[in-house]
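Please keep the sequence and the model at hand while reading.

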Amino acid sequence: MASLLSTTLNATARLAPGLVGRAAFALFVRPLGRPAVRPDEAGVMAGATTGRLTVEGIPVTTYRWGEGGRPVLLVHGWTSRTSRLAGFVTALRAAGHSVVAFDAPGHGASGGRATNLRRQRAIIRRLHAEHGGFSAVVAHSFGVLSTFFTLREGIPAERIVAIGGVADFEYLLTQFRHTMRLRPAVERALRDHVEHRLFAGEPGIRDRFDARLRPEEIPARILLVHDADDDVAAPEQSRGIAAAYGDRARLIETTGLGHRRILADPGVIAAAVAFLGEQTPEQDAPQAAAQAAAQGSAESSAVALSAVVR
C-alpha cells in the first residue's frame with residue numbers, strides 16, 4: 001500500500017501539486033497506530049482527573065494530577081500517549097508539582113485520526129488559559145517541536161525539559177520523504193500546503209517551525225536529554241537547540257536508551273525533576289545577599305556578589 005501511494009503521489013506531483021500536497025499532508029499527520037496503556041502505567045492514569053476539550057471539532061482528552069496554579073505541562077510524542085510519561089507524573093507529584101497533560105488528536109484516548117502543529121498549539125493555548133500558565137513543560141519527540149512552536153507565541157514557561165526532541169519541521173519533512181520514497185516535488189507540495197493553507201495568513205511561519213531560530217523569543221531555561229542511539233530523532237536535533245540557546249540550555253546525552261525507553265529511565269526522570277527544582281542565579285541572589293547582611297562578614301559579602309554575577 002505504501003509503495004502504491006508513493007508511486008501515485010510521485011506521478012501526480014507535476015500535474016496537480018495542490019492535490020498532491022493535500023494527499024501527502026493527510027498521510028504525514030496520521031500516526032501509525034494507537035498504542036494502549038501499559039500495565040505499569042495504568043495506576044498513574046487511573047489517579048488522574050480527566051477532562052475534555054474540543055479543538056477543530058475533535059474531542060481531546062486532558063489529564064490533571066494535583067491542584068494549584070502553574071502546573072507542569074506534559075506533551076507526549078508521535079504515535080504515543082500521555083501514559084508513556086507516567087514515570088514523570090509520579091516523580092513530579094512527589095516533588096510537590098501539579099501536572100496537566102493531554103492526548104493529542106489521533107492519539108491515546110482522544111478522538112480524530114491525525115494531529116498537526118496547529119492543533120497542538122490550540123490545545124496548549126486552551127490549557128494555558130484554563131490553568132493560569134505553566135511553571136514548566138516536559139516534552140518528548142514531536143512534542144518538543146510543538147512546545148517551542150507554541151511558547152514563542154506568548155505562552156510562558158520558566159523551564160523546558162526536551163527529551164529526544166525534534167528541533168526542525170524541515171527534518172520531519174525530509175524523514176517523511178525518505179521513508180515514503182517520494183520525489184522532491186511531493187515534499188515541496190506538502191510544504192506549500194502546510195505554509196499556505198494550514199497556516200494561511202500567518203506570515204513568516206517557516207521560521208517559527210524551527211526551535212533553533214530566534215531563541216530570544218523563548219526566555220526559558222532548557223534541559224535537553226537525547227540518546228546517542230535514537231533512531232527516530234537524530235541527536236543533532238537537540239545539539240542544535242543547545243547551541244542556539246547557549247548558557248540557558250544544558251544537554252545530557254545518554255547511550256542505549258533509544259527514542260522510547262529513555263522516557264522510563266529513572267536517571268533521566270530524576271535529572272528532569274531535579275532541573276525543575278533548581279534555583280536560578282536570580283533566585284539565589286536575594287538569599288545570598290540576606291545571609292551576607294545577617295553575618296556582616298566580608299566572606300559572606302563575597303558569596304552574595306558571586307551569586308549575583310555567576
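## Terms and basis

Buried means under 20% relative accessible area, exposed means over 50%, and partly exposed covers the range in between (1.4 Å probe, protein chains only).

The model is predicted: local features need pLDDT of at least 70, and side-chain atom pairs count only at pLDDT 80 or more, while totals for chains, interfaces and linings use all residues. Residues are numbered from 1 along each chain as its sequence is written, and side-chain values use heavy atoms, with hydrogens and water left out.

## The chain as a whole

The chain has 13 helices and eight strands. Helices (H or I, at least four residues) and strands (E, at least two) are DSSP runs, numbered from the N terminus. Of the 310 residues, 52% count as buried.

Contact means heavy atoms within 4.5 Å. Among contacts with a separation of 6 or more, 71% are between residues 24 or more positions apart.

Leaving out residues up to four places away in sequence, I160 touches V137, T147, F148, L151, I218, A220, R221, I222, L223 and F275. The ring of F275 also has a charge over its face: R159 lies there, 5.0 Å from the ring centre. Such a charge is counted if NZ of Lys or CZ of Arg is within 6 Å of the ring centre and within 35 degrees of the ring normal.

How many residues of α6 are buried? The count is 10 of 10, and F148 and F149 are among them.

Helix α8 has 15 residues and reaches 20 Å from its first C-alpha to its last, close to the 21 Å expected at 1.5 Å a residue. That expected span is 1.5 Å times one less than the number of residues. The buried residues of α8 include V186, A189, L190, H193, V194 and L198.

In helix α10 (residues 235-245), the buried residues are P235, Q237, S238, G240, I241, A242 and Y245. The buried residues of α10 pack against α6, α7 (169-180), β7 and β8 (249-254). After α10 comes G246, which has a positive phi near 55°.

## Aromatic pairs around F149

The structure holds nine aromatic pairs. Rings of Phe, Tyr and Trp (its six-membered ring) pair if their centres lie within 6.5 Å; planes under 30 degrees apart count as stacked, over 60 as edge-to-face and the rest as tilted. F149 and F199 form an edge-to-face pair, 5.6 Å centre to centre with 75° between the planes. F149 lies in helix α6 (residues 142-151) and F199 in the loop between α8 (184-198) and α9, so the pair ties together parts that are 50 residues apart in sequence.

The ring centres of F149 and F209 are 5.7 Å apart and their planes are at 45°, so this pair is tilted. F209 is in the loop between α9 and β7 (221-227), so its pairing with F149 in α6 joins parts 60 residues apart in sequence. F149 counts as buried because its relative accessibility is 1%, and F209 is buried at 3%. One aromatic cluster is formed by F28, F149, F169, F176, F199 and F209.

R208 is in helix α9 (residues 205-208). Is R208 buried or exposed? Its relative accessibility is 15%, so R208 counts as buried.

The side chains of R208 and E202 make a polar contact at 3.2 Å. A polar contact is a pair of N or O atoms within 3.5 Å; within protein, one must be able to donate a hydrogen and the other to accept it, and residues adjacent in sequence count only if both atoms are side-chain atoms. Leaving aside neighbours within four places in sequence, R208 is in contact with R121, F149, R152, E153, E202, P203 and R214.

Most residues other than glycine have a negative phi. R214, in the loop between α9 and β7, has a positive phi near 50°, and R214 is partly exposed at 31% relative accessible area. E56 also has a positive phi, of about 55°, although it is not a glycine. E56 is in the loop between β1 (49-55) and β2 (58-65), and its relative accessible area of 39% makes E56 partly exposed.
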